[in-house]
Structures are given as structure tokens and as C-alpha cells.
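User: I would like to learn how features are read from a model like this one. Please give the general idea each time, then the case at hand.

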Amino acid sequence: RAAVATRAVSPSSTFDVGILHVERFGPASGRPIVLVPALFCGSWQWNAQINALSSKYQLFAVTLPGFDGRPMVAGDDLMARAAASLHQLITKYHLKRPVVAGHSLGGTIAVYFGEHYPKDAGGIVTVEGGYPSAPTQSQRDAAVAKSVAPYKTATQDTVGSIIKNTTLRYTITNPDDVVAVEKLAARSDPAAIVAWLRAALSIDLTPGLANITVPFTVIIPFDPAIDPYQGFKTEQEKFAAYTAWVDHARDGKLIMIMPSRHFVMFDQPAKFAEAFETAIAR
């Protein structure tokens, strides 16, 4: 199988809202679902879900500025601007209680959005995104500094190999899948990677989870070869830590998929499809 499915359907329309580029799929009568991709990913990350779900749901697949060949925007407050753009998408196109779902950076944006616009969505889904990168601000600042360092001197010609060597080889299991994703991730603007990493890794969304009153579903993978380096020696330890985090929301549910690394939709496509359908059905 290929890590990134070939898109089998075409968007009914494409447009920009705020800082987001949006592709629309599926029937206008279908329940709306907004899909937000991870760092250095475009809407292609959700191709399998677009293929499977666009026959009955109305899908809005967004691409963040700086990724998949899109130019980066100037200015700060990226999280707030991304959330405001999602709010604009929902209000401008009269989306009724959509499910807002994201992976990694996209999941962090989905959680941030759910906290700041609690009446907009009918459900929030995050796939290993939003959980604080470290317990304290000083530790989060250190995590930011470490994460952005390889990209500060990156060029467009070198960013793909840097993404592969610092991230993809540890977050996707199959080496062939790593190569496939690297080619797409290499379209990213190195400065955008730095800016989005700083925006997402420096915040702790835990205090605001109580603002999310709609169903809040968190999908997490566990890989015994990788997760210990992230501070979770066993699946039970990771499940307990995320459960304590999810419990800050009023209607939280945690789904763990094993064995899988961070890009669970590529590592375990069938299990992820089942978990995602469960999240939508809530």
C-alpha cells in the first residue's frame, strides 16, 4: 500500500478563508467535517478519508499557509488566526455543528479552536495533537528551541531531507512510506515550519479544555520502539497520562491504536478509519 492514498474524488470548489486554503468535497446536504493537516502536510494527508467519507459527508480539507507550496503569511498569533479562520469558514458557509478534526499541529489547532469558539462545532477530534509538549513554560520553551533548530538554516532544497531525518523516520514505521511522504513534505517553507512549531509547542491548552462541551475525541497511537523516547514507557502509562488530560473536558473519549507511530493514518489505515468513524458518530 502507499502511505498517501491517491485522491479518487475531485473537490466541488476551492477557496480561501482567512489564512486557510480550503477544498470542498461531498454533498451539500451531508454533515460537515473540517479536516486540518499536520505540520508540513497539505490536504493530501487526508486523501484516504476524503475518498472514503465524501460520498455521505460534506468535507472541508484545509491547507495551512507555508505548506504544500502555499506561501507563508506574515505576522504572529498563528494559532488565534487559524482558529478565527475556521470560525469564519463555519459562519460564512453556514456549516451546522461541524466536526472539526486535526492531526498533530492540526489537532492542536482543532483543540484551540474548540476552546475559543465552543459554540461553533458539534464535535472536536484530535489525533495526537494538543497535549502539552512539556509540563512547564520553561520546558516548553526548551522544546521549541530544540525543534526549530534544524530548520533555521534550511533551504527549499534541503528541507525535505531534514524533515525525513529529524521527524518522518521516527513518526512513520514503513521506510517506503517515509520516502513517499518526504517528497510531499518537501514543498514546505522552512520559515513556516519554524513559525508553526513555535506557535504550537509553546502553549498548554489543558486549562481551557473545560470550555469544550461537545464530544471531544482524542486518538493516540503507541509504538514501544518510539514512545519511550517521548516519555511513555508503556501503553498503559501513555493511556493514563492522556486520560487525565482528556478528563478536563466535559465529554472526552480516548482511543488508542497499537502498534503505530505518530502518523497513525498511514501506519494503521484500517484501524484509524474505524476510530475516526467512531469519533464522528459521537
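User: Is threonine 278 buried, partly exposed or exposed, and why?

Analyst: The model is predicted, so local features need pLDDT of at least 70 and side-chain atom pairs count only at pLDDT 80 or more, while totals for chains, interfaces and linings use all residues. Residues are numbered from 1 along each chain as its sequence is written, and side-chain values use heavy atoms, with hydrogens and water left out. Buried means under 20% relative accessible area, exposed over 50%, and partly exposed in between (1.4 Å probe, protein chains only). Threonine 278 counts as partly exposed because its relative accessibility is 34%.

User: Where does threonine 278 lie, and which residues is it in contact with, leaving aside neighbours within four places in sequence?

Analyst: Helices (H or I, at least four residues) and strands (E, at least two) are DSSP runs, numbered from the N terminus. Threonine 278 lies in helix α10, residues 269-281. Contact means heavy atoms within 4.5 Å. Leaving aside neighbours within four places in sequence, threonine 278 is in contact with Lys253 and Ile255. Threonine 278 and threonine 217 are 61 residues apart in sequence, and their C-alpha atoms are 9.0 Å apart in space.

User: Is glutamate 23 buried or exposed, and why?

Analyst: Glutamate 23 is buried because its relative accessible area is 12%. Glutamate 23 belongs to strand β2, residues 20-25. Beyond its neighbours within four places in sequence, glutamate 23 has contacts that include Arg7, Ser43 and Phe60.

User: What polar contact does the side chain of glutamate 23 make?

Analyst: A polar contact is a pair of N or O atoms within 3.5 Å; within protein, one must be able to donate a hydrogen and the other to accept it, and residues adjacent in sequence count only if both atoms are side-chain atoms. The side chain of glutamate 23 makes a polar contact with the side chain of serine 43, at 2.4 Å.

User: Where is serine 133 placed, and which residues does it touch beyond four places in sequence?

Analyst: Serine 133 is in the loop between β6 (123-127) and α4. Serine 133 is partly exposed because its relative accessibility is 35%. Not counting residues up to four places away in sequence, serine 133 touches Arg140, Ala143 and Leu201. A polar atom of the serine 133 side chain lies 2.8 Å from the backbone oxygen of leucine 201. From serine 133 to isoleucine 203 the separation is 70 residues in sequence and 8.1 Å in space, C-alpha to C-alpha.

User: How many residues does the largest nonpolar core have?

Analyst: In soluble globular proteins, nonpolar side chains tend to be buried together. A nonpolar core is a set of buried Ala, Val, Leu, Ile, Met, Phe, Trp, Tyr and Cys residues joined through side-chain atoms within 4.5 Å. The largest one here has 94 residues, and Phe40, Trp196 and Phe216 have the most contacts inside it. Leaving aside neighbours within four places in sequence, the contacts of tryptophan 196 include Ile19, Leu39, Phe67 and Met72.

User: What is the volume of the largest pocket, and which residues lie nearest its centre?

Analyst: On a 1 Å grid over the protein atoms alone, a cavity is a set of points where a 1.4 Å probe fits but cannot get out, and a pocket is an open set with protein on both sides within 12 Å along at least five of seven lines; lining residues have an atom within 4 Å of a point. Grid points are joined across faces, edges and corners, and a volume is the space filled by probe spheres set on the points. The largest pocket has a volume of about 1500 Å³. Its lining has 40 residues, of which Ser147, Thr171, Leu201, Gln230 and His262 lie nearest the centre. Elements that each supply at least two lining residues include α4 (137-148) and α7 (190-201).

User: Which residues line the largest cavity?

Analyst: The largest cavity holds about 40 Å³ of space. Its lining is Phe113, Gly114, Tyr117, Pro118, Ala121, Ile124, Ile212, Thr213 and Val214.

User: Which residues does a cis peptide bond join?

Analyst: Methionine 258 and proline 259 are joined by a cis peptide bond, with omega about -20 degrees. Proline 259 is in the loop between β8 (252-257) and α9 (264-267).
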